[in-house]
Amino acid sequence: MISTYKCGVYIFGRCTQNNLPLALAPINYPLYNVTFQQSRSIKKHFNQKYRKERAQKFIKVDLPEFDNDGNIAKDKERSTMKKLGILPQRQWTERPILISCTPQIFESYVVPEGDGKFSAISTSGAKQRVELLEKKSKSYLSIRKIRSYDEEFSTKTFGEKAFEIYLKAHEALVAKDDNALLQYITEAAFPIMIHNMEDKTIVWKFIESLEPPRLVHARNTSMITKTNEFAQVTVRFHTQQILCIYDRFGRLMLGSETVKKDVLEYVVFEKHLSNVYGNWRIHGKIIPKWLKPQEVAAKTFVLPKEKKEAPSSDAESVAQTVRPETLDANP
């Protein structure tokens, strides 16, 4: 027995159906049973009083149209996918842009031919000094731009700061510490410096500076927007170093652990001026065209296995001793 609620209209219908006067309704249907009556075989196990609240628990979902044969306009398809919350596929591929550094060296410094060989007293050395002064007009403007962002920047003290970055970057490179290396070099210079370093042992030592490092070139540029400023500074290093590289088998590939060599380098440092927390990092190296090609490292390979030759026999083969026409004949 399941209880159901009855209304006044239902009671009036029962009285007329049984041909009973309406005045006898209180007798046939008592007061307590006017709005409440038990009935059998009812399938609703919930109270009809809260059907409105139960209907609010369900969300109507728009089902997709499966009858479409696929010939839909692109605008309609895009709007439908956007309505359903699906990201439409792009017909183009975006090139990733890294704004923490520039992709290359802009307006690289032109290294005078024979630099490091002539003294300032000689005719060739004095000529290089005059050419250097002529190229400094743009560098002065760039230095003023750098000082507008970094008030502590000075051309006299920057050489020592760049030298510390140069040493720490090479020490991290020898130790193969990628996390420490990215603090001193840019993301553009990182793949160039670690190229072909796997399974190699590098021995690098700094001996002394033949000349104090000095700033020779400065440039600045903006990327994407005018307020996004980058600065590049070229520093000249003339030092003595020791470099030795061993391959994975422990064989010497390049250099020596005892022989010192004079190294003249023009290293480019870059800083993101618009970034408050930007630092000077190594961005690249300028290699002049007139420079002689460097010594090429010897490559080592694993020797291939020797193939064993099959022993030769003097006996004739079966194809030579037995004729084909004799094979079909019965013995």
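Both Asp 150 and Lys 271 are buried, where buried means under 20% relative accessible area, exposed over 50% and partly exposed in between, computed with a 1.4 Å probe on protein chains only. The structure is a predicted model, in which local features need pLDDT of at least 70, side-chain atom pairs count only at pLDDT 80 or more, and totals for chains, interfaces and linings use all residues. Residues are numbered from 1 along each chain as its sequence is written, and side-chain values use heavy atoms, with hydrogens and water left out.

The side chains of Asp 150 and Lys 271 meet in a salt bridge, at 3.3 Å from N to O; the term requires a side-chain nitrogen of Lys or Arg within 4 Å of a carboxyl oxygen of Asp or Glu. Asp 150 lies in the loop between α6 and α7 and Lys 271 in strand β6, so this pair ties together parts that are 121 residues apart in sequence. Helices (H or I, at least four residues) and strands (E, at least two) are DSSP runs, numbered from the N terminus. The count of salt bridges under this rule comes to six. Another of them joins Arg 281 to Glu 187, with the closest N and O atoms 3.2 Å apart. Because Arg 281 lies in strand β7 and Glu 187 in the loop between α8 and α9, this pair ties together parts that are 94 residues apart in sequence. Arg 281 is buried, with a relative accessible area of 14%, whereas Glu 187 is partly exposed at 31%. Elsewhere, Glu 211, Arg 214 and Arg 236 are linked in a network of salt bridges.

Arg 219 and Glu 107 also form a salt bridge, their closest N and O atoms being 2.7 Å apart. This pair links distant parts of the chain, with Arg 219 in strand β3 and Glu 107 in the loop between α4 and α5, 112 residues apart. Arg 219 counts as buried at 9% relative accessibility, while Glu 107, at 47%, counts as partly exposed. The backbone at Glu 107 deserves a look as well, for its phi is near 55°, a positive value in a residue other than glycine. Most residues other than glycine have a negative phi. Asn 196 likewise has a positive phi, of about 60°, although it is not a glycine; Asn 196 lies in the loop between α9 (190-193) and β3 (201-222) and is exposed, with a relative accessible area of 57%.

The loop that holds Glu 107 also holds Tyr 109, whose partner Tyr 266 sits in strand β6 (residues 261-272), 157 residues away. The ring centres of Tyr 109 and Tyr 266 are 5.5 Å apart and their planes stand at 35°, so the pair is tilted; rings of Phe, Tyr and Trp (its six-membered ring) pair if their centres lie within 6.5 Å, and planes under 30 degrees apart count as stacked, over 60 as edge-to-face and the rest as tilted. Tyr 109 and Tyr 266 are both buried. The aromatic pairs come to nine by this rule, and one aromatic cluster is formed by Phe 153, Phe 158, Phe 163, Tyr 166, Phe 206, Phe 237, Phe 269 and Trp 280.

The largest nonpolar core has 31 residues, of which Phe 153, Phe 158, Val 233, Phe 237, Phe 269, Trp 280 and Ile 282 touch the most other members. Such a core is a set of buried Ala, Val, Leu, Ile, Met, Phe, Trp, Tyr and Cys residues joined through side-chain atoms within 4.5 Å. The elements giving two or more residues to this core are α6 (136-149), α7, α8 (178-181), β3, β4 (229-246) and β6, and α7 gives the most, with nine residues. Apart from this core lies another, of six residues, among them Tyr 109, Val 216, Tyr 266 and Ile 286.

Helix α7 can be followed along its length. Its 18 residues should span 26 Å at 1.5 Å a residue, and its end C-alpha atoms are 26 Å apart, which agrees; the expected span is 1.5 Å times one less than the number of residues. Phe 158 touches Phe 153, Leu 215, Val 233, Val 235, Phe 269 and Trp 280, not counting residues up to four places away in sequence, where contact means heavy atoms within 4.5 Å. His 170, in helix α7 (residues 158-175), is buried, with a relative accessible area of 15%. Just after α7, Lys 176 takes a positive phi of about 60°.
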